[in-house]
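Dear colleague,

Please find below the structure that I am handing over to you. My notes on it follow directly after.

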Amino acid sequence: MTNFTSPRPQPPISTLSQLSPLSRRTILSGALGLAGIAGLSACGSGSGAVPGQAPAVSAGGGATGYSGPKVALQFWNGFTGGDGPFMKRLVDQFNSEHPNIAVSMNTMQWADYYAKLPAAVTAGKGPDIGIMHVDSVATNAARNVIQPLDDVATALKLDEKDFAPVPWKAGVYNGKRYSIPLDVHPLGFFYNKDVMEKGGLDPEKPPMTNDEYMAALESMKGKGIQGHWATPFPFTGSMSVQSLIWQFGGNLFSEDAKQVLWADDAGVKALTWFQDLVTKGYSAAKIAQDADIVALQNGKTAFNWNGIWTINTLKEKTDLKWGVAPLPNIGGTKAAWAGSHQFVLPTMRTPDQNKQTAARVFLNWISTKSIEWAKGGQVPARNSVRESPEFKALKDQATLATQINDLHFPPAVAGLGDAMPEFEKALNAAVLGGQDPKTVLSDAAGRATKILEANAKKYGG
């Protein structure tokens, strides 16, 4: 995946003013993360219903296709990066195979999408189909921007046996399903084989345990190589430290999100390990945004933890010898950060049963054809696609797909993303500012707790 920008227009704290121009990725085109919905609640009406909305029509059918009159469907998403053309080809193929359904794809920057969708729904001008990052679903469900999909899953005969359990379960909020998973996009371990060899390592055997990892970093340090540059920014430092917290047996929040847990022992161990990359000389200090992945490409560092979207970026570097593996198990438990694109059906003021049935046909068809989507840098959520020979032939994506049962998402709690910038401030203070991990995590947890308490009242949680 290519071309991403940070989801927030302003860095979280003043030290982030050192941002360099961002490299070639989009808002993860899916890995927006919790921060991506941080400001969402400001543009909605809290937990109240969308003004003037009628109850959604519980239209049956869709599993065997659509035979009604011709309908035109609007499909909104934020696939502005390298994955956009892959989705466009799928939409075009769907239209060619379904003469009575015409799907128009409207693509915009994710930040614009999340701002425009609630307003469009409120005005009765929302799209028929949308995509949301998994950590945006609960907030939009609480605000009635999207409608429950239990009847959709039933009509399409979809259940947990058809999907990887982690992304399937993540679409449930307050006991109701609000989304159908399309993919997951996990963090992975990328390595520069030439730099490893210069550092005295076997370029075909990346370190996969903490002992192996530290020994590798020491070996490279002895050769004057800073082997793993630690970025202090959300992309991808926050994702790395979150992964470490889960690996050390901890969590970011309690399941009901009433408690912030990142300052517990596991969180302190995780952030300390990441900070030590700098203090022990394994990483350059005070690096700019995206400098870590650029350094990997330029032969200045060997290891980088980054998202699956990096596969297509590195493939463009024809002279670069690189490899990818699941995240090393540093803390003792296999775990990795991941995002997920999920299909949603926006709430309609005047639901059209024909359109709703046709929309079901579309999302189900895309799900079954998601091998093409995987080529854009994704892991299909649908088991039949992920377990197919065609997907296994995509060796790099398939390598990261082995983490499918070790991936973690935040709890499905409305407004949770509003608290996540506090964690990112702690990360920045520790890695860039050299402050004590326990202190900055505890302070951040205190601030985040107040935010979650306010949101619980706001959303009725």
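The model is predicted: local features need pLDDT of at least 70 and side-chain atom pairs count only at pLDDT 80 or more, whereas totals for chains, interfaces and linings use all residues. Residues are numbered from 1 along each chain as its sequence is written, and side-chain values use heavy atoms, with hydrogens and water left out.

Overall make-up

The protein holds 18 helices and 13 strands; these are DSSP runs numbered from the N terminus, helices being H or I with at least four residues and strands E with at least two. Of its 461 residues, 59% are buried (buried means under 20% relative accessible area, exposed over 50%, and partly exposed in between, with a 1.4 Å probe and protein chains only). Among contacts (heavy atoms within 4.5 Å) between residues at least 6 apart in sequence, 80% join residues at least 24 apart.

Nonpolar cores

In soluble globular proteins, nonpolar side chains tend to be buried together. A nonpolar core is here a set of buried Ala, Val, Leu, Ile, Met, Phe, Trp, Tyr and Cys residues joined through side-chain atoms within 4.5 Å. The largest such core has 82 residues, and Phe253, Trp262, Trp273, Phe274, Phe303 and Trp305 touch the most other members. A second, separate core of 54 residues includes Phe79, Val121, Leu345 and Phe362. Apart from neighbours within four places in sequence, Trp273 contacts Asn210, Tyr213, Met214, Leu244, Trp305 and Ile330.

Helix packing around H9

Axes are lines fitted to C-alpha atoms, for helices over the stretch in contact, and angles run from 0 to 180 degrees between N-to-C directions. The axes of H9 (residues 265–279) and H18 (residues 437–459) come within 9 Å and cross at roughly 125°. H9 and H18 are therefore oblique to each other (under 35 degrees counts as roughly parallel, over 145 as roughly antiparallel, 65 to 115 as roughly perpendicular, and the rest as oblique). From H9, Gly267, Val268, Leu271, Thr272 and Gln275 meet Pro437, Lys438, Val440 and Leu441 of H18. By class, this contact of H9 with H18 has five nonpolar, three polar and one charged residues; Ala, Val, Leu, Ile, Met, Phe, Trp, Tyr, Cys and Pro count as nonpolar, Asp, Glu, Lys and Arg as charged, and the others, Gly among them, as polar.

H9 also packs against H17 (residues 420–431), at an angle of about 35° and with the axes 9 Å apart. Here Leu271, Phe274, Gln275 and Val278 of H9 meet Ala426, Leu427, Ala430 and Val431 of H17. The residues of this contact of H9 with H17 divide into seven nonpolar, one polar and no charged.

Backbone details

Most residues other than glycine have a negative phi, and most peptide bonds are trans. Phe235 and Thr236 are joined by a cis peptide bond, with omega about 10°, and Thr236 lies in H8 (residues 234–247). Asn144 has a positive phi, near 60°; this residue is in the loop between H3 (134–142) and H4 (150–155) and is partly exposed, at 21% relative accessible area. Phi of Ala257 is likewise positive and near 60°. Ala257 lies in the loop between H8 and H9 and is buried, with a relative accessible area of 5%.

Ala257 is also one of the residues that Val413 touches, beside Ala138, Glu255 and Asp256, not counting residues up to four places away in sequence. Val413 lies in the loop between strand E13 (407–408) and H17.

Yours sincerely
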